[in-house]
Amino acid sequence: MSTAFDLLLAAALLWSAWRTLATPQIGRAVILFIVFGLLLTLAWARLDAPDIALAEAAIGAGLTGALLLDAVAALRARRPDDEEGQS
Amino acid sequence: MSAGLIYAATGCLLFVLGLGGVLLLKALLRRILAFNLMGSGAFLVLVGLAQRDGTPDPVPQAMVLTGIVVAVAATALALTLARRWHALTGRDDIARVRDTGLQIRRKANDRRKAAR
Amino acid sequence: MKTLWRSLTVIALLGLAAALLVAVLGLPPAPVKLAGEVAAKLGASGVSHPVTAVLLNFRGYDTFLEVAVLIIALLGMLAAGLPPPPPTGSRNAMLPTLARLAVPLMVLAAVYLLWAGAFRPGGAFQAAAVLAAAAVLLHLAEILAPWPRDRRGPRLAIAGGFLLFLAIAAALLANGGLLRYPPEHAGLLIVLIESGLTVSLAVNLAAFFLLRAPEEQR
């Protein structure tokens with residue numbers, strides 16, 4: 001029973017990680033990365049590691065997600081004099 | 001197969017997935033995401049392998065706790081560098097660095113001329 | 001040519017994945033049981049939660065260096081150039097209200113996590129993460145202004161925790177080994193170090209988000 005849950009969680013981790021790297025929009029990729037972080041929190045809870053689960057939820061999903069969303073917004077803003085520099 | 005082994009195997013796959021992302025993706029932000037995936041995979045391997053017989057082991061858990069904090073620090077630094085790169089060149093990848101160096105110098109010269 | 005390299009890389013990565021899986025799934029049982037050794041020495045460590053004992057006593061040197069790594073990352077950010085402050089003015093009424101409701105609870109939760117780390121899952125890192133998240137929430141609600149790089153308060157807070165740890169380590173080094181706590185004072189020293197670490201790490205993690213270049217400098 002718990003093995004089935006572990007396998008399902010492992011599959012969800014791998015799927016969300018793959019979609020993070022493969023989805024075309026970068027904003028969606030960051031949100032999928034936050035989802036991956038929360039799924040990883042569940043994995044740590046399953047591994048009897050509540051300290052790591054707390055830290056992963058707060059730092060891995062929360063703070064890293066906030067930093068990434070801020071960077072996505074910043075990298076999306078194109079300065080008007082950069083138009084000819086794009087490839 | 002115990003829970004530890006399942007997550008250790010998942011960690012291996014995540015690590016290889018992240019490694020592929022860092023090597024093969026172009027956009028800097030995606031490479032930073034892939035690097036974080038590598039780190040998370042390594043953490044799963046650390047804890048999963050140590051607990052493959054089912055008993056919780058505090059030593060790799062403490063190491064992973066340290067690792068998570070160091071990973072967020074590395075991500076913050078990498079994001080700052082990526083944002084700086086984007087502010088200087090307007091690019092979000094680091095292809096063709098030689099041309100980009102020329103672009104940075106040209107833009108700095110233009111800015112200096114405009115300021116006069 | 002480029003697709004050839006990419007295909008070769010993918011094939012090599014698949015091979016690496018297969019090799020790692022074979023290695024990981026075929027490992028014999030471990031000869032050393034670290035969990036048992038930690039449990040044996042837990043009584044002399046000063047706390048009763050094994051992860052906290054490992055983090056701050058048995059492997060305290062790793063934690064010490066980790067704080068230094070965080071400070072170095074912050075120095076790297078200061079050297080590379082701080083990002084500009086986020087655009088203001090998109091005030092909706094809900095976010096400041098939510099922030100004002102949630103932040104006192106988050107501070108309370110952080111203090112609890114710090115205290116509970118000695119007996120239950122918790123500790124300095126989790127408490128610092130919750131405090132940093134509270135600071136980021138306040139910043140997003142535009143209640144807390146971004147920090148300019150030369151403000152002394154955050155710098156003193158960040159350096160203070162590390163210097164406290166360094167002072168305790170130096171004092172212990174003068175008495176015996178590096179970070180070798182005398183067992184009757186271990187609990188007190190750990191609480192002291194954890195409190196300093198919480199404040200320092202919280203300000204450091206928040207500074208990753210809150211340190212911004214001044215608006216008019218481009």
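This note covers the fold of chain B and its interface with chain C in a predicted model.

1. Secondary structure. Chain B contains 4 helices and 0 strands, and its order along the sequence is α-α-α-α.

2. Overall dimensions. The radius of gyration of chain B is 20 Å, whereas a compact globule of 116 residues would have a value near 13 Å. Along the principal axes, the C-alpha atoms occupy a box of roughly 70 × 25 × 15 Å.

3. Burial and contact range. Of the 116 residues in chain B, 55% are buried. Among contacts in chain B with a separation of 6 or more, 52% are between residues 24 or more positions apart.

4. Extent of the interface. Contact between the two chains involves 33 residues of chain B and 39 residues of chain C. Together they bury about 3,100 Å², with 79% of that area on carbon and sulfur atoms. On the chain B side, the most area is lost to chain C by L24(B), R52(B) and P58(B), which together account for 17% of what that side buries.

5. The rule finds 1 salt bridge across the interface of chain B and chain C. The side chains of K33(C) and D53(B) form a salt bridge, with an N to O distance of 2.5 Å.

6. Composition of the chain B side. The elements giving two or more residues to the side that touches chain C are α1 (3-24) and α3 (58-89) of chain B. Of these, α3(B) gives the most, with 17 residues. By class, the residues on this side are 24 nonpolar, 4 polar and 5 charged.

How values were computed:
Residues are numbered from 1 along each chain as its sequence is written. Chains are lettered from A and ligands numbered from 1 in the order in which they are written. This is a predicted model: local features need pLDDT of at least 70, side-chain atom pairs count only at pLDDT 80 or more; totals for chains, interfaces and linings use all residues. Side-chain values use heavy atoms; hydrogens and water are left out. Contact means heavy atoms within 4.5 Å. Buried area is the accessible area (1.4 Å probe) that two parts lose on being put together, summed over both. A salt bridge is a side-chain nitrogen of Lys or Arg within 4 Å of a carboxyl oxygen of Asp or Glu. Ala, Val, Leu, Ile, Met, Phe, Trp, Tyr, Cys and Pro count as nonpolar, Asp, Glu, Lys and Arg as charged, and the others, Gly among them, as polar. The radius of gyration is taken over C-alpha atoms; the globule rule is 2.2 Å times the number of residues to the power 0.38. Buried means under 20% relative accessible area, exposed over 50%, partly exposed in between (1.4 Å probe, protein chains only).
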